[in-house]
Amino acid sequence: MKNFIAILLIGVCCWSCDKNNDEPTPEIPEFVFAGGETTIFDATSNAYAMPAPNLSPSNFNKHLEGDLSFEQVFVTAPAQNNPGLGPQFNNNSCVSCHIRNGRSRPSHDGNELSGFLIRLSVSGEDAFGGPMAAPHYGGQLQNRAIFGQAREANYTTTEIEKVITFADGSSRTLKRPVYQLTEGYKPFPTDLMLSPRVAPAVFGLGLLEEIPESSLLNIADENDMDADGISGKPNMVWNVQEQALTMGRFGWKAENPTARQQSAGAYNEDMGITSSLFPDENCFNQDNCSEDDGILDITDETLDLTTFYFQTLAVPAVRNYNELNVLNGRSLFDQLKCSSCHVPRHVTGISNIPELSNQTIYPYTDLLLHDMGPDLTDNRPVFKAAGNEWRTPPLWGIGLLPVVNGHSRLLHDGRARNIEEAILWHGGEAEDSRDLYLQLSLLERNDLLDFLNSL
């Protein structure tokens, strides 16, 4: 909090200096304000952790309350503070997965607390058209357990290498992780499907939620009617509150329709914390589940505060936008048709959070599903998303990942060690764009990467 106040004071001082300067200030392009009026000019390790600067005093205070909820560490019941952890879990707090509200790294085994997890399912669909939970294991592997309980399983990792060669003769060696479950408390189903996931950054989710559905559907082209090779489609997923199928926006396969459901699902699956949206333990109907006490572990107020917190985080501004290499990289981004899926600009609609309404934003996503080719398939369908289909991840703030989280791991399982490797793993609808990237000169590739790192 002291750091935040200091930053505010510095900002006020700088603003005052600008006001007293008679020299004209160059107009800053619209796209620099990636989050509209929620944008903050901070390129430090706090870049993902600041409240939106346009919050009213009451919503600012609510954001700070939500911050406390986001940082709550849960323990085994009974306890005076934050009881309810487990009985099986992956981590014990939101912030432990989303450190500084950023992205987690991949994990090579299940013996550590981390922001990495493995989704599970077997053949078939559940009653709502979603993935069929695996017998004895559910929809997500919980690799940790409270005292007196057994974790579901462990996992190990091997890597498969793939060499990519550029037109200029240089090459890169990519590494794809392959996960193997071990030490299961029950035999693993023969048709078990695994999907490794790293925790994504959580800033800007409130803005993404307020992009009108009609705008996203106008971009969608499921049958590629314009024959451009891009056929984004919405994922229609089960909305727990509405008890109906609605458009998904959140998660690696757009499997959650709202930020609130995304939050409640993470509480439940990652920490074993029950709420009104998910009142059953994550091990419900499994042999390893202790008897349900019928008590919800968090209130609706806590769920809403946590959700409000990440809905109202600031989005970091674009940097170095007027440098020639970045300008050239921006042009290449369009020439390679990267912007066909990573759609730069959107305008939000009317929100219950007034500060998010009518904002012109630059998240570089269409929130739609796209075929990403055989190298990125997990062979695990999720509602309308096939195993090779993934939601276009937003690119805003991507260049600050090393500053905030100390690494640059990307893609759903964190296999890409940097932005270039993420590009090289693209296939399917993005194969032409990847092949065009391979034809670029080293200077051009560096310019494109400089542009992406400016976001």
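Predicted model: local features only at pLDDT ≥ 70, side-chain atom pairs only at ≥ 80, totals over all residues.
Residues are numbered from 1 along each chain as its sequence is written, and side-chain values use heavy atoms, with hydrogens and water left out.

**View 1. Helix α2 packs against helix α7.** Helix α2 (residues 57–70) and helix α7 (residues 300–311) have axes 7 Å apart and pack at an angle of about 110°, where helices are DSSP runs of H or I with at least four residues, numbered from the N terminus, and axes are lines fitted to C-alpha atoms over the stretch in contact, with angles running from 0 to 180 degrees between N-to-C directions. That angle makes α2 roughly perpendicular to α7, a label that covers 65 to 115 degrees. The contact (heavy atoms within 4.5 Å) involves, on the α2 side, Asn59, Lys62, His63, Glu65, Gly66, Asp67, Ser69 and Phe70, and on the α7 side, Thr302, Leu305, Thr306, Phe308, Tyr309 and Phe310. By class, the contact of α2 with α7 comprises five nonpolar, six polar and three charged residues.

**View 2. Helix α6 crosses helix α7.** The axes of helix α6 (residues 259–271) and α7 come within 9 Å and cross at roughly 115°. From α6, Ala259, Arg260, Ser263, Ala264 and Tyr267 meet Asp300, Thr302, Leu303, Asp304, Thr306, Thr307, Phe310 and Gln311 of α7. The residues of the contact of α6 with α7 divide into five nonpolar, five polar and three charged.

**View 3. Cysteine 283 and cysteine 289 form a disulfide.** The structure holds one disulfide, defined as a pair of cysteine sulfur atoms within 2.5 Å; the sulfur atoms of cysteine 283 and cysteine 289 lie 2.1 Å apart. The link of cysteine 283 and cysteine 289 is right-handed, with 60° about the S-S bond. Cysteine 283 counts as buried at 0% relative accessibility, whereas cysteine 289 is partly exposed, with a relative accessible area of 22% (buried means under 20%, exposed over 50% and partly exposed in between, with a 1.4 Å probe and protein chains only).

**View 4. Cysteine 97 is in no disulfide.** The sulfur of cysteine 94 is 8.1 Å from the closest cysteine sulfur, in cysteine 97, which is too far for a bond. Cysteine 94 is buried, with a relative accessible area of 11%, and cysteine 97 is buried, with a relative accessible area of 10%.

Definitions and conventions
Helix = DSSP H or I, 4+ residues; strand = E, 2+ residues; numbered from the N terminus. Parallel < 35°, antiparallel > 145°, perpendicular 65-115°, else oblique. Nonpolar A, V, L, I, M, F, W, Y, C, P; charged D, E, K, R; others polar.
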